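Please look at the structure below, then go through the terms used to describe it.

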Amino acid sequence: MSYEEEGYSQAGYVVGSFPKDFGYGPDDHDGEVQIITTTQKPRILLMGLRRSGKSSIQKVVFHKMSPNETLFLESTNKIIKDDISNSSFVQFQIWDFPGQIDFFDPTFDSEVIFGGCGALVFVIDAQDDYMEALNKLHMTVSRAYKVNTEIRFEVFIHKVDGLSDDHKIETQRDINQRANDDLLDTGLDNVHLSFYLTSIYDHSIFEAFSKVVQKLIPQLPTLENLLNIFITNSGIEKAFLFDVVSKIYIATDSSPIDMQSYELCCDMIDVVIDVSCIYGLPEETEGSTFDEQSCSTIKLNNGTVLYLREINRFLALVCILREENFDRQGLIDYNFHCLRQATQDVFQVQFKSPRKLEGTTKVYESEQKSFPKNFGSFPPCHEDLLIEAPTLLS
Ligand SMILES: Nc1nc2c(ncn2[C@@H]2O[C@H](COP(=O)(O)OP(=O)(O)OP(=O)(O)O)[C@@H](O)[C@H]2O)c(=O)[nH]1
């Protein structure tokens, strides 16, 4: 059967009911998936005035550059296209624009640049006077929206490490108000801007980028639902699905996120990778330090356990739970295997025919009782933790 018959477009993406042609997923589990790496990737554009911090964000989040090293970055003078799909689960390109870009330059092709773009991240330096940045933001948004009404506009109020807490809130309120007023004045009141306070010197930039990326993942509600069921049946308090290299979390359960939990999980990934680098591979062996055997459990002295397991070579599940709930580690391990299988299925559905795709997606998106029948749960003595447990382990 040809790819088209199977539901593929010529470009290698699925013709079907997904909202956008975004390519995600493990490319090592199924030969079919590799076709996506040869095609045009969905794009996230990084724009903003000169020296606002665009290249630093890209280098810190996706290339492990330490924040202090960004002091020596040279100014970008042409569009830098960074394809991060080789190292990351989320397959997209990031285009870093020079600050002085001129929209009226005839070589600036808005149709091409904004046409296939998923998200436009506009970076504003909060330590500087931001009036000029707001003008540029308005010009950029109106230009992009004219070409592509589907773009998500994300505004990073950046370098907030230099501001006091009160000043941060006040700056965000002021920028939000002015940017939306500008849009209203030009009749663009249906354009939605999202604002984030960010800095490369803490985890805020990773958190903000996580939210930007999550909005581009059509499978997000399904993943969230899977994680909800997993944590409820396993006595876990919080679970994140991490892209290991970037430390972007592509999904979490629906309980509230506190920054400390996120930071703790990020730190755990660093520890596991560092220890694996030193002790994980036999001497003089080339290979990935994160593989199917990667797993770790860390018990903290405050009665909390951190639990990390590999989902595929790019993705890790990191959970936080109470020590007493870790007594039944076998059950958690078992449930994790169900979750891992389900997660892989969710992403591979994307590469099946639209007909099959609808059916499978429905299974995962419907009520909890329709989830994989083999999901384990705490035995009946822990009834408080059960939610219509499918098959109980005895
Ligand atoms: N304090 C602080 N400085 C930052 C932050 N992010 C970037 N910088 C600094 O801002 C300066 C400019 O950063 P770049 O990343 O080169 O800025 P850019 O927007 O790419 O600049 P152009 O390439 O000229 O458009 C560098 O000295 C960075 O170290 C941040 O979160 N906090």
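Lys 247 lies in the loop between strand 9 (238–243) and strand 10 (248–252), where strands (E, at least two residues) are DSSP runs numbered from the N terminus. This is a predicted model, in which local features need pLDDT of at least 70 and side-chain atom pairs count only at pLDDT 80 or more, while totals for chains, interfaces and linings use all residues. Residues are numbered from 1 along each chain as its sequence is written, and side-chain values use heavy atoms, with hydrogens and water left out.

Q: Why is Lys 247 called buried?
A: Its relative accessible area is 9%. Buried means under 20%, exposed over 50% and partly exposed in between (1.4 Å probe, protein chains only), so Lys 247 counts as buried.

Q: What is said of phi at Lys 159 and at Lys 247?
A: Lys 159 has a positive phi of about 65 degrees although it is not a glycine. For Lys 247, also not a glycine, phi is positive at about 60 degrees.

Q: What distance separates the side chain of Thr 70 from the ligand?
A: An N or O atom of the Thr 70 side chain is 2.7 Å from an oxygen atom of the ligand.

Notes:
A polar contact is a pair of N or O atoms within 3.5 Å; within protein, one must be able to donate a hydrogen and the other to accept it, and residues adjacent in sequence count only if both atoms are side-chain atoms. Helices (H or I, at least four residues) and strands (E, at least two) are DSSP runs, numbered from the N terminus.
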